[in-house]
Amino acid sequence: MADLSLYRNIGIFAHVDAGKTTTTERILKLTGKIHKLGEVHDGAATTDFMEQEQERGITIQSAATSCFWNGHRLNIIDTPGHVDFTIEVYRSLKVLDGGVGVFCGSGGVEPQSETNWRYANESEVARIIYVNKLDRVGADFYRVVDQVKNVLGARPLVMVLPIGEEENFKGIIDLLTEKAWLWDDSGDPEKYQLVDVPEEYKAKVAEYREELIETALEQDDDLMEAYLEGEEPSIEDIKRCIRKGTIKLDFFPTFCGSSFKNKGVQNVLNAVVDFLPSPTEVEPQPEIDLEGNETGNVAVVDPDGPLRALAFKIMDDRYGALTFARIYSGKLKKGDSVLNTFTGKNERIGRIVEMHANHREERDSAHAGDIVALLGMKHTQTGHTLCDPDRPATLEPMVFPDPVISIAIAPKDKAAMDKLGVALQKMVQEDPSFRIVTDEDSGETIMKGMGELHLDIKVDILRRTHGVDVVVGKPQVAYRETITRRVEDTYTHKKQTGGSGQFAKIDYVIEPGEQNSGYQFESTVTGGNVPREFWPAVEKGFRVSMDEGVLAGFPLLDVKVTLTDGGFHAVDSSAIAYEIAAKAAYRQSVPKAAPQLLEPIMKVDVYTPDDHVGDVIGDLNRRRGMIKSQEPGPTGIRVKAECPLSEMFGYIGDLRTMTSGRGQFSMEFSHYAPCPANVSEQVIKETLERKAAR
């Protein structure tokens, strides 16, 4: 049985273009997993194996691989940086024990870094920080360390200092051993010298080393006391304290280097082994019952325990659907029958494979701590729990964000029609942030996603991977509706036919709820005028109606309904009568409550050279944007703003034109806000015209 203390399940995550995939590639070369380096910009990186990834030079889906370093097994997941594929980062972090947050030495902490860091905090994943690209113009290690403190609110524990920066970056100084690592210019990571600290760095090394030791020893009172009395702790003791603090998320060991130039990657690998937790050192996953309540039990990482595995990713390839699973407890063998607690069905494990990007290695079995791909799972989807049929339990599922943008697609011909349904079903299984709905009025197929790039890639995959040619409509924004006025009202539902009839009377208040509160329902009925067993029917009637607002049919948000009184008939009242009454009450009262259209507002982060700042800000103002801040950087200005999504279509083209191709931007959903009257009228008019045309 493998020793779990020698396992490290880690993810590499960062903002787009900070060098995650290049870092992964260097790790695989150093550990002997690959023998020839592939570069992202050449489209040859091992973990970027999709055609779309190779052409665009970005990572779209997370790729899993494993390798060995200093006798430890590293299961590594390389995740995307682009905001449209955040879901890949979220679900990877959910099943990992540790992470490497990569930051660009010149770009620093960028908006997607903040989102990923927040996800990692929510998942309580221990991390080390790696400041990459120190050979680039404008790189500044100390500035990035300050940004980690101020922007992320994190506590970096500086472990190494750079020797030289930008084109003069030569190597690093290890503060623990007080040795300098100097690489030559051959680009071979193995060609380095260990030398004493250069004279001009000695004062800085002494200052940072003292800070490092004091921070680390906060984890052990006895060692701290001895240190204050003048006793120098051993390197082993310091490392033990750093490991303890890293796992508790008290601080984050911080390293630097240049992955592209092969400088500093060994130190990151050593830190993964020394400071990141093994599967047995992280908090066990809580188990929940079928209603979603915690049972008080946890899935203890133990190969001899009952089977507990979480499916975190479905990937379709030429051999069929692969289900990636993290095993928390127990063992899995080829041919085993396991229970999927979400569907209640038993599934048979056809094959177990270990993935190296898109290559695979067959395994007969896997156990707690492993991340493997399973073949033959017909009904398992992302977030489902696989467990021992005799000792069932569910692990905490994943929660995925709602899409903010949609497009209509139609097959070009009859042959494509048949293939389209199958292809879309596979794509929805692979990506939980991608949804497909059929418009009931027109029969159109609507694709919903997290951004323009997300849907653009999906259409590309449909055409190339699945061979389905489609016609694509204009992007549509996911508007919502709400109300702005409190309304007290009453409704009586009466229907008398032969035999027993239907009767339900409800008195109610409909009022605006708190922002982001969704739909809330409460009953203050006393005295049994509406019997308690009918309250859920009233709640359901209103809830179902909220899916279609009264202005243009968009879902209604942030509404509170209070059932205050009513009446019932001993024979004719029933749950269905109260549900019908609630639906009719919704149609009667919401138009009186001053309904209002809401639009999605995006958090936009634009990077622009100094001489184009005025143009960029003027353009954002024209797009109804609200400028939040401007932050000068070494090579340009970062403008943070909030803009309506409807104004941001095609923005990348306009930004490149304004900035002579040098501008970059990223955006992510922030919140819903009221639409201005003129925009609201136009959207409602267009939506109703579109519905009428169908």
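Biologist: Which residue does D135 meet in a salt bridge?

Modeller: Keep in mind that this is a predicted model. Side chains of opposite charge can pair when their charged atoms come close. Here the N to O distance is 3.4 Å, inside the 4 Å cut-off for a salt bridge. The partner of D135 is K261.

Biologist: How many residues apart in sequence are the parts that D135 and K261 tie together?

Modeller: D135 sits in the loop between β5 (126–132) and α5 (141–150). K261 belongs to the loop between β11 (252–256) and α9 (265–275), so the pair ties together parts whose separation in sequence is 126 residues.

Biologist: And K239, which helix is its salt-bridge partner D274 in?

Modeller: The side chains of D274 and K239 meet at 3.4 Å, N to O. That pair links distant parts of the chain, 35 residues apart, with K239 in helix α8. D274 is in helix α9.

Biologist: Is E488 buried or exposed?

Modeller: E488 forms a salt bridge with R486, their closest N and O atoms being 3.1 Å apart. R486 counts as partly exposed because its relative accessibility is 48%. For E488 the relative accessible area is 59%, and the cut-off for exposed is over 50%, so E488 is exposed.

Biologist: What about E599, buried or exposed?

Modeller: E599 is found in strand β35 (residues 595–608), and its side chain has a polar contact of 2.8 Å with that of R624. Its relative accessible area is 2%, and buried means under 20%. So E599 is buried.

Biologist: Which residues gather with E229 in a patch of negative charge on the surface?

Modeller: E229 itself lies in the loop between α7 (221–228) and α8 (235–247). At 66% relative accessibility, E229 counts as exposed. The residues gathered with E229 in the patch are D221, D222, E225 and E231.

Biologist: How far apart in space are G650 and E452, C-alpha to C-alpha?

Modeller: G650 is in the loop between β37 (637–644) and α15 (651–658), and it is partly exposed at 36% relative accessible area. In sequence, G650 and E452 are 198 residues apart. In space, their C-alpha atoms are 8.5 Å apart.

Biologist: How many salt bridges does a search of the whole structure find?

Modeller: Besides pairs such as D135 with K261, there is a network of salt bridges linking D619, R622, R623 and D654. For the whole structure, the search finds 31.

Note on methods
Residues are numbered from 1 along each chain as its sequence is written. This is a predicted model: local features need pLDDT of at least 70, side-chain atom pairs count only at pLDDT 80 or more; totals for chains, interfaces and linings use all residues. Side-chain values use heavy atoms; hydrogens and water are left out. Patches are made of residues with over 30% relative accessible area and no salt bridge: like charges are joined within 9 Å, nonpolar side chains (Val, Leu, Ile, Met, Phe, Trp, Tyr) within 5 Å. Accessible areas come from the Shrake-Rupley method with a 1.4 Å probe; for residues, only the protein chains shown count as cover. Lys and Arg count as positive and Asp and Glu as negative; His and the chain ends are not counted. The place of a charge is taken as NZ of Lys, CZ of Arg, CG of Asp or CD of Glu. Helices (H or I, at least four residues) and strands (E, at least two) are DSSP runs, numbered from the N terminus. Buried means under 20% relative accessible area, exposed over 50%, partly exposed in between (1.4 Å probe, protein chains only). A polar contact is a pair of N or O atoms within 3.5 Å; within protein, one must be able to donate a hydrogen and the other to accept it, and residues adjacent in sequence count only if both atoms are side-chain atoms.
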